[in-house]
Amino acid sequence: MIKKVYLVGAGPGDPDLITLKGRKCIKEADVLVYDRLVSQALLEERKPGCKLIYVGKENRNHVKPQDEINEILYQEAKAGKCVVRLKGGDPYVFGRGGEEGEYLYQRNIPFEVVPGVTSAIGGLAYAGIPITHREVSRSFHVITGHLKNQNEELDWEVLAKLKGTLVFLMGVTNLENITNNLIKHGMDKDTPAAMINWATTPRQRSISATLSTIYDVALEAKMTSPSLIVVGEVVSLKDTLDFYSKKPLFGKNIVITRGTGQRDDIIDKLRSLGANPISMPTIEIEEISPNNQLDQGIHNLDNYTYVVFTSINGVKIFFKRLFELGYDSRALAGLKIGAIGSNTKEAIREYGLNVDFMPTEYVGESLVSELKEEISESDKILIPRAESGRPFIVEELAKICKVDEVKTYKTVKSREDSSHIIDNLKELDSYYLLFSSPSTFKNFIEIAGQDANDLINKGRIISIGPITSRAIKDAGYPVFKQAKTYNYDGIIEMLLEDSLDE
Ligand code: SAH
């Protein structure tokens, strides 16, 4: 992308509601300048080394002055950086994007605007309110609720007569004033009204009432900023058209303890079920390199009759090296391929290869007992896997035929700073903790340090399978549920089962 300043709308909250172009900008940015309403998940898509600059509210009321933000954009662009100014919703809907554009124009800095889904429309949709509806509302009006002088800034006379949907942004502290003025100027006090807090995020909460009662209902429900205030007949469709808060895992906090690069799939799935996935990386995969043993195994593949993979990482690292050494998937043509778990099998499929053998249960015991039925003394098995793999598989199979175990990677404790995630967990009332291996659990305890006990006791632990469960129980903690199928789909099944029980 050409180096310039991109004023990008991040959408109303759900990170999937950004445009394709917006996402492309984030991935290519050298500098990301963002504010409070931008989803953390979008920031995580930045490239390594991208500079992050927060320009939102620093404390309760202090917002970075617009002049300062303008100057930051200008200076970074002047230094030759690709600058992305990421704003909640759409940059031009009360986003001050226009001011930033003017400032850059005056200084000859090229810029581009990437529109976004505004909360005024998208936020309502996620709460079940269509901003227009045939024969109910023929227009809509998006109004600032942030009024310095109560009477001067808005023409209440005109607003009170509008038949379309009224959406007030930034109106929480002014709610009483807004409703009083609309009624005073002639709007029916029984007009349906709603308020939506943190729309399109798993924290979304909404209330509905009438123009005359919404203020009291909002006080009672302790509605805070950011919220949308909606006035109009379309509010009455809310219960029928609400789809988001009906999702099976809506609002559930779920802590994923896997490493970076291994968790996107599960995060996507959880988010589409309405959950709030919280990523706390506990492990990192470190490839063993150089790896003479692996190279030898690859050069001599013809001597083997089986290759058995026990994890996705094991698959990826093996094929990476296979290709680096100048071979391709045909090098495995004469071998039978075994895999533990459907995810491992899928990973192998990506290289155009089917799996010949997969044990019914996704654990080593099952692999050994079922593979023993197939192999004979003349077989020779190659097992590229983690350094910390249990000796059991190799020992048992070696009783029948020749087995070469090749250690291809180590699982080390994550070096990412997790202090902000721990602080976040401390504030939550409840959450699920997902552990997919003994090391994710062990490292979680180490990373959480003195908070480990409290954090674990507050959460519901879901373990991927018996080996992980044993490690958790041995450390003296209860396993709330154990997946029946030992993979992430199995974990999700348990989460869904639990939400049905409630
Ligand atoms: N450019 C943004 C609006 C910025 S003004 C957009 O197009 O959506 C900030 C106001 O937007 C907040 O005070 C609140 O009224 C509203 N808002 C933004 N995101 C919201 C969300 N997820 N839930 C509720 N209100 C939101």
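Colleague: Where is proline 226 placed?
Modeller: In this predicted model, proline 226 sits in the loop that runs between helix H8 (214–220) and strand S10 (227–231).

Colleague: And the peptide bond from serine 225 to proline 226, is that cis or trans?
Modeller: That bond is cis, with an omega near 0°. For background, most peptide bonds are trans.

Colleague: Which other residues are joined by a cis peptide bond?
Modeller: Serine 289 and proline 290 are joined by one, where omega is about 0°, and proline 290 belongs to the loop between strand S13 (283–287) and helix H11 (292–299).

Colleague: While we're on backbone geometry, what is phi at asparagine 108?
Modeller: Phi of asparagine 108 is near 60°, a positive value in a residue other than glycine, and asparagine 108 lies in the loop between H4 and strand S5 (111–114). Most residues other than glycine have a negative phi.

Colleague: Switching to helix packing, how do H3 and H4 cross?
Modeller: The axes of helix H3 (residues 66–78) and helix H4 (residues 97–106) come within 10 Å and cross at roughly 50°, which makes H3 oblique to H4. The crossing in which H3 passes H4 is right-handed.

Colleague: Which residues make the contact?
Modeller: From H3 the contact uses Gln66, Ile69, Asn70, Glu71, Leu73 and Tyr74, while H4 contributes Glu99, Glu100, Tyr103 and Leu104.

Colleague: Now the ligand: which residues come nearest?
Modeller: Of the 17 residues around the ligand, the nearest are Val93, Thr118, Ser119, Ala199 and Ser227.

Colleague: How about serine 227?
Modeller: A polar backbone atom of serine 227 is 2.7 Å from an oxygen atom of the ligand.

Colleague: Last one, which strand holds lysine 380, and what does lysine 380 touch?
Modeller: Lysine 380 is found in strand S16 (residues 380–386), and, leaving aside residues up to four places away in sequence, lysine 380 touches Asn303, Tyr304, Thr305, Tyr306, Lys402 and Asp404. As for aspartate 295, which is 85 residues from lysine 380 along the chain, the C-alpha atoms of the two are separated by 17 Å.

Terms used
Residues numbered from 1 in each chain as written. Predicted model: local features only at pLDDT ≥ 70, side-chain atom pairs only at ≥ 80, totals over all residues. Heavy atoms only, no water. Axes fitted to C-alpha atoms, helices over the stretch in contact; angles between N-to-C directions. Helix = DSSP H or I, 4+ residues; strand = E, 2+ residues; numbered from the N terminus. Parallel < 35°, antiparallel > 145°, perpendicular 65-115°, else oblique. Left-handed = near helix turned anticlockwise from the far one by under 90°. Contact = heavy atoms within 4.5 Å. Near = heavy atom within 4 Å. Polar contact = N/O pair within 3.5 Å; in protein donor to acceptor, adjacent residues only side chain to side chain.
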